[in-house]
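Hello,

Here is the structure I said I would pass on. My notes on it follow below.

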Amino acid sequence: MLALLESSPLSFSILAGIIGLLVGSFLNVVIHRLPKMMEREWQQQCAELDGQTIDASPSYNLIVPRSACPHCGHAISALENIPVISYLFLHGKCAGCAASISPRYPIVEAVSGLLSAYAACHFGFGLAGIASIILVWALIALTFIDFDTQLLPDSITLPLLWLGLLLNLNGAFTSLPNALIGAVAGYLILWSVYWAFKLTTGKEGMGYGDFKLLAALGAWLGWTMLPLIILLSSLVGAVVGVALIIFAKHRRNIPIPFGPYLAGGGLIALFWGQALTQSYLQLLAVP
């Protein structure tokens, strides 16, 4: 099987796409439940500091309770949980009460499957290929969690940072010195922007999760990719922000999460960073 995957890029891409669809279904659970789990943990910690106790039952984590319709409580069966296909078969409605199911669920599954397949095709079977798929999954989860809650959980960003450094011990994406400098520089760049903005305006322009996410991307891709990631994420963030204000009547005092744009910039750098950087340098070299 391993020989087939190594010798046949198409087979590896198809397998990665199928696994990506299945993982995408689980990512929907992570996106929905992880912020709620964090909130419960914060409440317990606050209660403990206040000398109180909070009953943590019933258990609530990424495994239990079983997924169910939020409208009628209908438990989602295995046949109703097939990525994308079940949504289409059910016409986007709950089998129990016919309430509409958010199209974001199949979108997350489809994006996970497509990006996983592309990562497998781009890097091929090996450490870089498998690791890039894991990075894709983590960035998808962070993107939608940040959209919903403006949070980038440490339980994802910090393991992602350490994993990037470990992978680059053998130079999976860049050399270890580049990865180490990338992690430090990624954190300090946005940390400096945060404090410069806060000292100037008295307001917080971003969260600490953004520092950690850019540090993680620096650990994976090296410090040389940080300017590209920051440029891409800033451009996209500015365009989307202006569009929201103009077309969606998004009030300027309502914060816009920056994590999704960092994640998007990171994915572009992962797949096409070297080519974009070389093209830019060649353009500058033209007399």
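What share of the contacts in the protein chain with a separation of 6 or more comes from residues 24 or more positions apart? The figure is 69%. Please keep in mind that this is a predicted model.

Overall fold

The protein chain has ten helices and zero strands. Read from the N terminus, the order of elements is α-α-α-α-α-α-α-α-α-α. The radius of gyration is 21 Å, close to the 19 Å that the globule rule gives for 287 residues, so the protein chain is as compact as a globular protein of that length. The C-alpha trace spans about 65 × 55 × 45 Å along its principal axes. Of the 287 residues, 38% are buried.

Helix 2 against helix 5

Helix 2 covers residues 9-49 and helix 5 covers residues 127-149. Their axes come within 10 Å and cross at roughly 30 degrees. Angles under 35 degrees count as roughly parallel, and helix 2 and helix 5 are therefore roughly parallel to each other. The crossing is right-handed. On the helix 2 side, the contact is made by Phe12, Ala16, Ile19, Gly20, Val23, Leu27, Val30, Ile31, Leu34 and Pro35. Helix 5 contributes Ile130, Ile133, Trp137, Ile140, Ala141, Phe144, Ile145, Asp148 and Thr149. By class, these residues are 16 nonpolar, two polar and one charged.

Helix 2 against helix 4

Helix 2 also packs with helix 4 (residues 104-123), at an angle of about 145 degrees and with the axes 7 Å apart. This crossing, too, is right-handed. From helix 2 the contact takes in Phe12, Ser13, Ala16, Gly17, Gly20, Leu21, Val23, Gly24, Ser25, Leu27, Asn28 and Ile31. From helix 4 it takes in Arg104, Tyr105, Val108, Glu109, Ala110, Ser112, Gly113, Ser116, Ala117, Ala120 and Cys121. The contact of helix 2 with helix 4 divides into twelve nonpolar, nine polar and two charged residues.

Lys212

One lysine is worth a separate note. Lys212 is in helix 8, which runs over residues 208-221. Is Lys212 buried or exposed? Its relative accessibility is 17%, and buried means under 20%, so Lys212 counts as buried. Leaving aside residues up to four places away in sequence, Lys212 touches Asp154, Thr157, Leu158, Leu161 and Tyr187.

Regards

Definitions and conventions. Residues are numbered from 1 along each chain as its sequence is written. This is a predicted model: local features need pLDDT of at least 70, side-chain atom pairs count only at pLDDT 80 or more; totals for chains, interfaces and linings use all residues. Side-chain values use heavy atoms; hydrogens and water are left out. Axes are lines fitted to C-alpha atoms, for helices over the stretch in contact, and angles run from 0 to 180 degrees between N-to-C directions. Helices (H or I, at least four residues) and strands (E, at least two) are DSSP runs, numbered from the N terminus. Angles under 35 degrees count as roughly parallel, over 145 as roughly antiparallel, 65 to 115 as roughly perpendicular and the rest as oblique. A crossing is left-handed if the near helix is turned anticlockwise from the far one by less than a right angle, and right-handed if clockwise. Contact means heavy atoms within 4.5 Å. Ala, Val, Leu, Ile, Met, Phe, Trp, Tyr, Cys and Pro count as nonpolar, Asp, Glu, Lys and Arg as charged, and the others, Gly among them, as polar. The radius of gyration is taken over C-alpha atoms; the globule rule is 2.2 Å times the number of residues to the power 0.38. Buried means under 20% relative accessible area, exposed over 50%, partly exposed in between (1.4 Å probe, protein chains only).
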